[in-house]
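Trainee: I am new to this one, and I would like to get to know it step by step. Could you show it to me first?

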Amino acid sequence: MQATVQPISICPQHRDAVLKGLREQWPEEYKDDDPLLDTLVLTTGGTPVGAVSVLSEVCSPEPPETWVAALWVHPKHRRKGLATRLLTEAVVWSPHRPLYLWTEERILHETLFALGWVCVEDGRERQVFMWR
């Protein structure tokens, strides 16, 4: 089945399903009624199965720091390259550079390096990557 990626503004009917998935993956970050303004939705067969949010920090210096704020793929659809597709689409879609993301999952390093991300902070609990 073909996967399609679109901004949430083009497919607002998927907002509740995406917000539910993000809340399951990131319960602390998605407590409130988040508007999901800068979110790409990945659908297969018209059903949302993943999303990526990109956030520019308002209080950051010029130019603003822009982060991949959340990445979610439904558990039944993982290990199929959909997260990689979402990250790739986010890089193309975001007008801001550099673009940052952080992860606690060291297993993702190889994938991120292969996609062109560079590790700029390798801490004990988390790693920060940058796309130029």
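Mentor: Gladly, and one term comes first: helices (H or I, at least four residues) and strands (E, at least two) are DSSP runs, numbered from the N terminus. This is a predicted model, where local features need pLDDT of at least 70, side-chain atom pairs count only at pLDDT 80 or more, and totals for chains, interfaces and linings use all residues. Residues are numbered from 1 along each chain as its sequence is written, and side-chain values use heavy atoms, with hydrogens and water left out.

Trainee: Which element has the highest mean pLDDT?

Mentor: pLDDT is the predictor's confidence in each residue, from 0 to 100. Over the chain its mean is 86, and 91% of the residues reach 70 or more. Among the elements, strand 7 (residues 127-131) has the lowest mean, 83, while the highest, 95, belongs to strand 2 (residues 39-44).

Trainee: What is the order of the strands in the open sheet?

Mentor: Two strands pair if DSSP finds at least two bridges between them. The edge strands here, each pairing on one side only, are strand 1 (3-7) and strand 6. The open sheet has seven strands with mixed pairing, in the order 1-2-3-4-5-7-6.

Trainee: How many bridges join strand 3 to strand 4?

Mentor: Start with the other neighbour: strand 2 and strand 3 pair in the antiparallel sense over six bridges, and Thr39 has Ser53 as its bridge partner in strand 3. Toward strand 4, Gly50 stands opposite Val73. Strand 3 and strand 4 run antiparallel too, and the number of bridges joining them is seven.

Trainee: Why is strand 3 described as largely enclosed by the rest of the structure?

Mentor: Buried means under 20% relative accessible area, exposed over 50%, and partly exposed in between (1.4 Å probe, protein chains only). Strand 3 is largely enclosed because, of its 10 residues, the number buried is seven.

Trainee: Which element supplies the largest share of the lining of the largest pocket?

Mentor: On a 1 Å grid over the protein atoms alone, a pocket is an open set of points with protein on both sides within 12 Å along at least five of seven lines, and lining residues have an atom within 4 Å of a point. Strand 3 (47-56), strand 4 (66-73), helix 2 (82-93), strand 5 (99-103) and helix 3 (109-114) each supply at least two lining residues of the largest pocket. The largest share, seven residues, comes from strand 4.

Trainee: Which residues bond through a cis peptide?

Mentor: Look at the loop between helix 2 and strand 5, where Pro98 is found. The cis peptide bond there has an omega of about -5°, and it joins Arg97 and Pro98.

Trainee: Is Arg79 buried or exposed?

Mentor: Arg79 is found in the loop between strand 4 and helix 2. This residue has a positive phi of about 70° although it is not a glycine. Its relative accessible area is 84%, so Arg79 is exposed.

Trainee: Which residue is the bridge partner of Asp122 in strand 7?

Mentor: Strand 6 (118-122) and strand 7 have Glu125 in the loop between them. The two strands run antiparallel and are joined by four bridges. In strand 7, the partner of Asp122 is Gln127.
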